[in-house]
Amino acid sequence: MSAGDDFSCGVRLDGKVVCWGYTFDTAPREPTADSFVSVSAGGRHTCALRTDGRVMCWGYNYYGQAPTEPSAELFTSVSAGFDHTCGLRVDGSVTCWGDNEWGQAPSSPAGGTFSSVSSGSRHSCGMRPDGRLICWGQIAYAGSAGPTVETFSSVSSGDMHTCGVRVDGRVRCWGYDQYGQAPTGSHLGIFTSVSAGDQQACALRDDSKILCWGGLSAYRAAPPGPSVDNFVSLSEGEGHGCGLRTDGKVICWGGNSSGEAPVEPSADSFVAVTAGRSFSCGLRSDERRVCWGWNGDGQAPPSPSDDLFVRVSAGSGHACGVRSDQKVVCWGDNVAGQAGECQHSCRLPGHAAAVLSGVSLTC
(Lines give C-alpha, C1' and ligand atoms only; values in the text may rest on other atoms or scores of the structure.)
Protein backbone atom coordinates (compact mmCIF):
# COMPACT_ATOMS: atom_id res chain seq x y z
CA MET A 1 0.00 0.00 0.00
CA SER A 2 1.12 3.59 -0.62
CA ALA A 3 0.14 7.07 0.61
CA GLY A 4 -0.10 10.03 -1.75
CA ASP A 5 -0.84 13.70 -1.04
CA ASP A 6 -4.57 13.41 -0.22
CA PHE A 7 -5.22 9.86 -1.36
CA SER A 8 -3.98 6.31 -0.94
CA CYS A 9 -3.75 3.18 -3.07
CA GLY A 10 -3.37 -0.51 -2.44
CA VAL A 11 -2.75 -3.70 -4.40
CA ARG A 12 -5.45 -6.26 -3.62
CA LEU A 13 -4.70 -9.94 -3.15
CA ASP A 14 -5.90 -10.52 -6.74
CA GLY A 15 -3.35 -7.98 -8.03
CA LYS A 16 -5.86 -5.22 -8.81
CA VAL A 17 -5.06 -1.65 -7.76
CA VAL A 18 -7.74 0.29 -5.85
CA CYS A 19 -7.42 3.87 -4.58
CA TRP A 20 -9.46 6.02 -2.20
CA GLY A 21 -9.54 9.54 -0.77
CA TYR A 22 -9.16 12.81 -2.68
CA THR A 23 -8.27 11.15 -5.98
CA PHE A 24 -10.04 13.05 -8.80
CA ASP A 25 -8.09 11.78 -11.85
CA THR A 26 -4.87 11.06 -9.96
CA ALA A 27 -5.61 7.40 -9.25
CA PRO A 28 -8.07 4.64 -10.27
CA ARG A 29 -11.01 4.34 -7.85
CA GLU A 30 -12.37 1.19 -9.47
CA PRO A 31 -10.26 -2.00 -9.53
CA THR A 32 -7.84 -1.94 -12.45
CA ALA A 33 -8.14 -4.36 -15.36
CA ASP A 34 -4.41 -5.15 -15.28
CA SER A 35 -2.71 -6.96 -12.40
CA PHE A 36 0.13 -5.36 -10.42
CA VAL A 37 2.75 -6.29 -7.83
CA SER A 38 3.24 -2.82 -6.28
CA VAL A 39 1.88 0.72 -6.37
CA SER A 40 3.32 4.14 -5.49
CA ALA A 41 1.15 7.23 -4.92
CA GLY A 42 2.77 10.62 -5.52
CA GLY A 43 1.64 14.22 -5.18
CA ARG A 44 -0.89 14.29 -8.01
CA HIS A 45 -0.22 11.03 -9.83
CA THR A 46 0.11 7.31 -9.27
CA CYS A 47 2.40 4.69 -10.80
CA ALA A 48 2.30 0.92 -10.42
CA LEU A 49 4.42 -2.04 -11.46
CA ARG A 50 2.57 -4.64 -13.53
CA THR A 51 3.22 -8.35 -13.17
CA ASP A 52 5.10 -8.27 -16.48
CA GLY A 53 7.53 -5.63 -15.15
CA ARG A 54 6.11 -2.67 -17.04
CA VAL A 55 5.17 0.56 -15.27
CA MET A 56 1.74 2.15 -15.72
CA CYS A 57 0.82 5.61 -14.41
CA TRP A 58 -2.34 7.68 -13.96
CA GLY A 59 -3.09 11.29 -13.07
CA TYR A 60 -1.54 14.73 -13.55
CA ASN A 61 0.98 14.54 -16.39
CA TYR A 62 1.96 18.16 -17.04
CA TYR A 63 5.65 17.36 -16.48
CA GLY A 64 5.50 13.89 -18.00
CA GLN A 65 5.48 12.20 -14.58
CA ALA A 66 2.55 9.97 -15.51
CA PRO A 67 2.84 8.79 -19.14
CA THR A 68 -0.39 7.24 -20.38
CA GLU A 69 1.17 4.19 -22.07
CA PRO A 70 2.86 1.26 -20.29
CA SER A 71 6.64 1.62 -20.21
CA ALA A 72 8.73 -0.07 -22.87
CA GLU A 73 11.41 -0.83 -20.27
CA LEU A 74 11.09 -3.45 -17.54
CA PHE A 75 11.38 -2.50 -13.87
CA THR A 76 11.63 -4.17 -10.46
CA SER A 77 10.28 -1.19 -8.45
CA VAL A 78 8.87 2.31 -8.91
CA SER A 79 8.68 5.36 -6.61
CA ALA A 80 6.47 8.39 -7.28
CA GLY A 81 7.53 11.76 -5.88
CA PHE A 82 5.49 14.96 -5.92
CA ASP A 83 5.79 15.75 -9.64
CA HIS A 84 8.39 13.20 -10.72
CA THR A 85 8.89 9.43 -10.73
CA CYS A 86 11.91 7.15 -10.53
CA GLY A 87 12.09 3.46 -11.30
CA LEU A 88 14.63 0.70 -10.69
CA ARG A 89 15.16 -1.23 -13.91
CA VAL A 90 15.82 -4.96 -14.10
CA ASP A 91 19.48 -4.30 -14.90
CA GLY A 92 19.84 -2.38 -11.62
CA SER A 93 20.04 1.08 -13.18
CA VAL A 94 17.69 3.94 -12.25
CA THR A 95 15.72 6.08 -14.67
CA CYS A 96 13.52 9.06 -13.76
CA TRP A 97 10.92 11.15 -15.54
CA GLY A 98 8.75 14.21 -14.84
CA ASP A 99 9.53 17.60 -13.30
CA ASN A 100 13.29 18.16 -13.31
CA GLU A 101 13.46 21.80 -12.18
CA TRP A 102 15.76 20.88 -9.31
CA GLY A 103 17.48 17.99 -11.06
CA GLN A 104 15.34 15.44 -9.22
CA ALA A 105 14.38 13.55 -12.34
CA PRO A 106 17.38 13.07 -14.65
CA SER A 107 16.79 10.41 -17.28
CA SER A 108 19.79 8.40 -16.11
CA PRO A 109 21.26 9.27 -12.68
CA ALA A 110 24.98 8.53 -12.51
CA GLY A 111 26.32 5.87 -10.22
CA GLY A 112 25.88 2.43 -11.77
CA THR A 113 23.44 -0.06 -10.28
CA PHE A 114 21.17 0.32 -7.23
CA SER A 115 19.34 -1.94 -4.80
CA SER A 116 16.57 0.60 -3.97
CA VAL A 117 15.39 4.09 -4.88
CA SER A 118 13.23 6.64 -3.01
CA SER A 119 11.70 9.86 -4.36
CA GLY A 120 11.04 12.87 -2.14
CA SER A 121 9.56 16.28 -2.92
CA ARG A 122 12.53 17.85 -4.71
CA HIS A 123 15.14 15.14 -4.44
CA SER A 124 15.61 11.41 -4.82
CA CYS A 125 18.09 8.97 -3.29
CA GLY A 126 19.25 5.57 -4.38
CA MET A 127 21.07 2.91 -2.37
CA ARG A 128 23.71 0.98 -4.22
CA PRO A 129 24.37 -2.74 -3.59
CA ASP A 130 27.50 -1.77 -1.65
CA GLY A 131 25.41 0.33 0.78
CA ARG A 132 26.58 3.70 -0.49
CA LEU A 133 23.97 6.39 -1.22
CA ILE A 134 23.68 8.61 -4.26
CA CYS A 135 21.20 11.50 -4.14
CA TRP A 136 20.16 13.95 -6.80
CA GLY A 137 17.92 17.00 -6.98
CA GLN A 138 17.91 20.03 -4.68
CA ILE A 139 21.14 19.58 -2.79
CA ALA A 140 19.78 21.50 0.22
CA TYR A 141 17.53 18.49 0.85
CA ALA A 142 19.53 15.68 -0.73
CA GLY A 143 22.99 16.59 0.54
CA SER A 144 26.05 15.76 -1.54
CA ALA A 145 25.37 14.10 -4.86
CA GLY A 146 27.61 11.24 -3.76
CA PRO A 147 28.27 8.45 -3.84
CA THR A 148 28.74 8.64 -0.09
CA VAL A 149 31.98 7.41 1.36
CA GLU A 150 30.02 5.82 4.20
CA THR A 151 27.78 2.79 3.74
CA PHE A 152 24.23 2.50 5.08
CA SER A 153 21.73 -0.19 5.99
CA SER A 154 18.65 2.08 5.89
CA VAL A 155 17.67 5.65 5.09
CA SER A 156 14.72 7.88 6.10
CA SER A 157 13.81 11.14 4.36
CA GLY A 158 12.02 13.90 6.25
CA ASP A 159 10.43 16.99 4.76
CA MET A 160 13.69 18.72 3.85
CA HIS A 161 16.34 16.51 5.42
CA THR A 162 17.47 12.90 5.39
CA CYS A 163 18.86 10.56 8.03
CA GLY A 164 20.42 7.16 7.60
CA VAL A 165 21.69 4.32 9.78
CA ARG A 166 25.21 3.37 8.73
CA VAL A 167 26.28 -0.27 8.63
CA ASP A 168 28.22 0.32 11.84
CA GLY A 169 25.01 1.48 13.58
CA ARG A 170 25.87 5.19 13.60
CA VAL A 171 23.25 7.71 12.45
CA ARG A 172 24.13 10.44 9.98
CA CYS A 173 21.85 13.26 8.78
CA TRP A 174 22.11 15.85 6.05
CA GLY A 175 20.03 18.51 4.30
CA TYR A 176 18.05 21.46 5.69
CA ASP A 177 19.23 22.12 9.24
CA GLN A 178 17.55 25.37 10.33
CA TYR A 179 16.01 23.62 13.35
CA GLY A 180 18.87 21.28 14.07
CA GLN A 181 17.21 18.31 12.40
CA ALA A 182 20.28 17.49 10.32
CA PRO A 183 23.38 18.18 12.42
CA THR A 184 26.79 17.42 10.96
CA GLY A 185 28.68 14.43 12.28
CA SER A 186 27.34 11.15 13.58
CA HIS A 187 25.27 10.80 16.74
CA LEU A 188 26.86 9.01 19.67
CA GLY A 189 25.71 5.47 20.22
CA ILE A 190 24.71 2.52 18.09
CA PHE A 191 21.22 2.65 16.59
CA THR A 192 18.82 0.09 15.16
CA SER A 193 16.41 2.49 13.44
CA VAL A 194 15.86 6.18 12.68
CA SER A 195 12.75 8.20 11.83
CA ALA A 196 12.98 11.65 10.21
CA GLY A 197 10.00 13.93 10.76
CA ASP A 198 9.12 17.47 9.74
CA GLN A 199 11.67 19.47 11.74
CA GLN A 200 13.08 16.71 13.93
CA ALA A 201 14.28 13.13 13.97
CA CYS A 202 14.33 10.36 16.58
CA ALA A 203 16.30 7.15 16.71
CA LEU A 204 16.24 3.98 18.82
CA ARG A 205 19.63 2.96 20.18
CA ASP A 206 20.72 -0.65 20.64
CA ASP A 207 20.49 -0.15 24.43
CA SER A 208 16.74 0.62 24.01
CA LYS A 209 17.20 4.35 24.74
CA ILE A 210 15.51 6.99 22.56
CA LEU A 211 17.51 9.97 21.32
CA CYS A 212 15.84 12.89 19.49
CA TRP A 213 17.07 16.11 17.93
CA GLY A 214 15.71 19.05 15.93
CA GLY A 215 13.42 22.07 16.26
CA LEU A 216 10.60 20.36 18.09
CA SER A 217 12.92 19.48 20.95
CA ALA A 218 12.80 23.16 21.96
CA TYR A 219 9.10 22.69 22.65
CA ARG A 220 9.76 19.45 24.51
CA ALA A 221 8.10 17.48 21.73
CA ALA A 222 11.07 15.15 21.79
CA PRO A 223 13.40 14.20 24.64
CA PRO A 224 16.59 16.23 24.10
CA GLY A 225 18.90 13.54 25.48
CA PRO A 226 18.97 9.78 25.87
CA SER A 227 15.81 8.62 27.62
CA VAL A 228 15.99 7.28 31.15
CA ASP A 229 13.49 4.52 30.34
CA ASN A 230 14.04 1.65 27.94
CA PHE A 231 11.84 1.40 24.86
CA VAL A 232 10.98 -1.07 22.14
CA SER A 233 9.37 1.47 19.76
CA LEU A 234 8.50 5.15 19.40
CA SER A 235 6.15 7.35 17.39
CA GLU A 236 6.53 11.08 16.70
CA GLY A 237 3.31 13.04 16.15
CA GLU A 238 2.78 16.76 15.57
CA GLY A 239 4.12 18.55 18.62
CA HIS A 240 4.35 15.43 20.77
CA GLY A 241 5.59 11.89 20.77
CA CYS A 242 5.00 8.61 22.59
CA GLY A 243 7.12 5.56 23.29
CA LEU A 244 6.41 1.97 24.30
CA ARG A 245 8.60 0.93 27.21
CA THR A 246 10.00 -2.56 27.58
CA ASP A 247 7.56 -3.17 30.47
CA GLY A 248 4.57 -2.43 28.19
CA LYS A 249 3.81 1.01 29.65
CA VAL A 250 3.37 4.03 27.37
CA ILE A 251 5.12 7.33 28.10
CA CYS A 252 4.54 10.51 26.08
CA TRP A 253 6.30 13.86 25.84
CA GLY A 254 5.70 17.26 24.27
CA GLY A 255 2.60 19.44 23.95
CA ASN A 256 -0.30 18.20 26.07
CA SER A 257 -2.97 20.88 25.60
CA SER A 258 -5.57 18.26 24.64
CA GLY A 259 -4.32 15.43 26.81
CA GLU A 260 -2.44 13.79 23.93
CA ALA A 261 0.80 13.41 25.90
CA PRO A 262 0.14 12.54 29.56
CA VAL A 263 3.34 12.73 31.56
CA GLU A 264 2.65 9.73 33.79
CA PRO A 265 3.19 6.16 32.53
CA SER A 266 -0.02 4.49 31.41
CA ALA A 267 -1.91 2.26 33.81
CA ASP A 268 -2.67 -0.25 31.06
CA SER A 269 -0.10 -2.41 29.31
CA PHE A 270 0.29 -1.96 25.56
CA VAL A 271 1.92 -3.72 22.63
CA ALA A 272 1.92 -0.69 20.28
CA VAL A 273 1.49 3.10 20.37
CA THR A 274 1.03 5.74 17.67
CA ALA A 275 1.06 9.55 17.91
CA GLY A 276 -1.07 11.71 15.61
CA ARG A 277 -1.99 15.40 15.57
CA SER A 278 -3.10 16.36 19.10
CA PHE A 279 -4.11 12.79 19.91
CA SER A 280 -2.57 9.36 20.41
CA CYS A 281 -3.76 5.77 20.24
CA GLY A 282 -2.43 2.55 21.63
CA LEU A 283 -3.10 -1.15 21.26
CA ARG A 284 -3.49 -2.81 24.64
CA SER A 285 -2.24 -6.30 25.42
CA ASP A 286 -5.87 -7.52 25.22
CA GLU A 287 -5.98 -6.24 21.59
CA ARG A 288 -8.39 -3.40 22.45
CA ARG A 289 -7.75 0.01 20.91
CA VAL A 290 -7.50 2.93 23.36
CA CYS A 291 -7.06 6.59 22.35
CA TRP A 292 -6.56 9.85 24.21
CA GLY A 293 -6.32 13.55 23.38
CA TRP A 294 -8.31 15.79 21.01
CA ASN A 295 -11.53 14.05 19.92
CA GLY A 296 -13.31 16.80 17.95
CA ASP A 297 -13.79 14.57 14.90
CA GLY A 298 -14.11 11.30 16.76
CA GLN A 299 -10.46 10.40 16.15
CA ALA A 300 -9.74 9.60 19.81
CA PRO A 301 -12.68 7.71 21.32
CA PRO A 302 -11.88 7.45 25.04
CA SER A 303 -13.43 4.03 25.68
CA PRO A 304 -11.67 0.77 24.77
CA SER A 305 -12.90 -0.57 21.44
CA ASP A 306 -15.24 -3.54 21.17
CA ASP A 307 -13.28 -4.74 18.12
CA LEU A 308 -9.95 -6.51 18.45
CA PHE A 309 -6.99 -5.09 16.51
CA VAL A 310 -3.53 -6.23 15.46
CA ARG A 311 -2.29 -2.81 14.21
CA VAL A 312 -3.24 0.82 14.77
CA SER A 313 -1.96 4.08 13.24
CA ALA A 314 -2.85 7.74 14.00
CA GLY A 315 -2.87 10.43 11.32
CA SER A 316 -3.73 14.14 11.38
CA GLY A 317 -7.45 14.03 12.20
CA HIS A 318 -8.16 10.34 11.80
CA ALA A 319 -6.76 6.96 12.72
CA CYS A 320 -6.94 3.47 11.27
CA GLY A 321 -6.47 -0.05 12.54
CA VAL A 322 -6.19 -3.56 11.18
CA ARG A 323 -8.76 -5.73 12.96
CA SER A 324 -8.09 -9.33 13.90
CA ASP A 325 -10.21 -10.39 10.88
CA GLN A 326 -7.68 -8.51 8.66
CA LYS A 327 -10.16 -5.75 7.74
CA VAL A 328 -9.05 -2.11 7.92
CA VAL A 329 -11.30 0.19 9.95
CA CYS A 330 -10.79 3.96 10.19
CA TRP A 331 -12.39 6.61 12.38
CA GLY A 332 -12.31 10.39 12.76
CA ASP A 333 -12.20 13.13 10.11
CA ASN A 334 -13.57 11.82 6.79
CA VAL A 335 -13.59 14.97 4.65
CA ALA A 336 -11.40 13.31 2.00
CA GLY A 337 -12.75 9.77 2.37
CA GLN A 338 -9.85 8.69 4.57
CA ALA A 339 -12.04 7.15 7.28
CA GLY A 340 -14.48 4.25 7.10
CA GLU A 341 -14.12 0.53 6.54
CA CYS A 342 -12.01 -0.94 3.77
CA GLN A 343 -14.05 -3.43 1.77
CA HIS A 344 -11.05 -5.37 0.51
CA SER A 345 -8.78 -7.85 2.20
CA CYS A 346 -5.69 -5.98 3.39
CA ARG A 347 -3.45 -8.92 4.26
CA LEU A 348 -0.54 -9.83 2.04
CA PRO A 349 0.19 -13.57 1.74
CA GLY A 350 2.97 -14.55 4.13
CA HIS A 351 3.17 -11.10 5.72
CA ALA A 352 1.65 -9.43 8.77
CA ALA A 353 -1.00 -6.89 7.94
CA ALA A 354 -0.09 -3.26 8.44
CA VAL A 355 -1.70 0.17 8.10
CA LEU A 356 -0.36 3.74 8.16
CA SER A 357 -2.29 6.99 8.47
CA GLY A 358 -1.17 10.33 7.05
CA VAL A 359 -2.49 13.89 6.98
CA SER A 360 -5.57 13.22 4.82
CA LEU A 361 -4.95 9.69 3.73
CA THR A 362 -4.68 6.08 4.77
CA CYS A 363 -2.39 3.39 3.49
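Helices (H or I, at least four residues) and strands (E, at least two) here are DSSP runs, numbered from the N terminus. With that in hand, some notes on the model.

1. Ground rules. This is a predicted model, where local features need pLDDT of at least 70 and side-chain atom pairs count only at pLDDT 80 or more, while totals for chains, interfaces and linings use all residues. Residues are numbered from 1 along each chain as its sequence is written, and side-chain values use heavy atoms, with hydrogens and water left out.

2. Overall make-up. The protein has 1 helix and 28 strands. Of its 363 residues, 50% are buried (under 20% relative accessible area; exposed is over 50%, partly exposed in between, with a 1.4 Å probe and protein chains only). Taking the contacts (heavy atoms within 4.5 Å) with a separation of 6 or more, 32% link residues 24 or more positions apart. The accessible surface is about 15,700 Å², and carbon and sulfur atoms hold 51% of that; the areas are Shrake-Rupley values with a 1.4 Å probe, and for residues only the protein chains shown count as cover.

3. A sheet to look at. β22, β23 and β24 make an open sheet of 3 strands in that order, with antiparallel pairing (two strands pair if DSSP finds at least two bridges between them). β22 (270-275) and β24 (289-293) are the edge strands with a single partner each, so one side of each has no neighbour in the sheet. From one strand to the next, the twist averages 20 degrees; axes are lines fitted to C-alpha atoms, for helices over the stretch in contact, and angles run from 0 to 180 degrees between N-to-C directions.

4. Inside that sheet. β22 and β23 (residues 279-284) run antiparallel and are joined by 5 bridges. Alanine 272 sits opposite leucine 283 in β23. The loop between β22 and β23 contains serine 278, which has a positive phi of about 70 degrees despite not being a glycine. Serine 278 is partly exposed, at 23% relative accessible area.

5. Another positive phi. Where is glutamine 326? Glutamine 326 lies in the loop between β26 (318-323) and β27 (328-332). Its phi is near 75 degrees, again positive in a residue other than glycine, and glutamine 326 is partly exposed with a relative accessible area of 21%.

6. Aromatics, tyrosine end. There are 9 aromatic pairs, counting rings of Phe, Tyr and Trp (its six-membered ring) with centres within 6.5 Å; planes under 30 degrees apart are stacked, over 60 edge-to-face and the rest tilted. Tyrosine 62 and tyrosine 63 have ring centres 5.0 Å apart and planes at 85 degrees, so they are edge-to-face. Tyrosine 62 is exposed at 63% relative accessibility, whereas tyrosine 63 is partly exposed at 36%. Tyr60, Tyr62 and Tyr63 form one aromatic cluster.

7. Aromatics, buried pair. Phenylalanine 152 and tryptophan 174 are also edge-to-face, with 5.7 Å from centre to centre and 65 degrees between the planes. Phenylalanine 152 belongs to β13 (residues 152-157) and tryptophan 174 to β15 (residues 171-175), so this pair ties together parts 22 residues apart in sequence. Both phenylalanine 152 and tryptophan 174 are buried.

8. A charge over a ring. Arginine 289 lies over the face of tryptophan 331, 4.4 Å from the ring centre. The rule asks for NZ of Lys or CZ of Arg within 6 Å of the ring centre and within 35 degrees of the ring normal.
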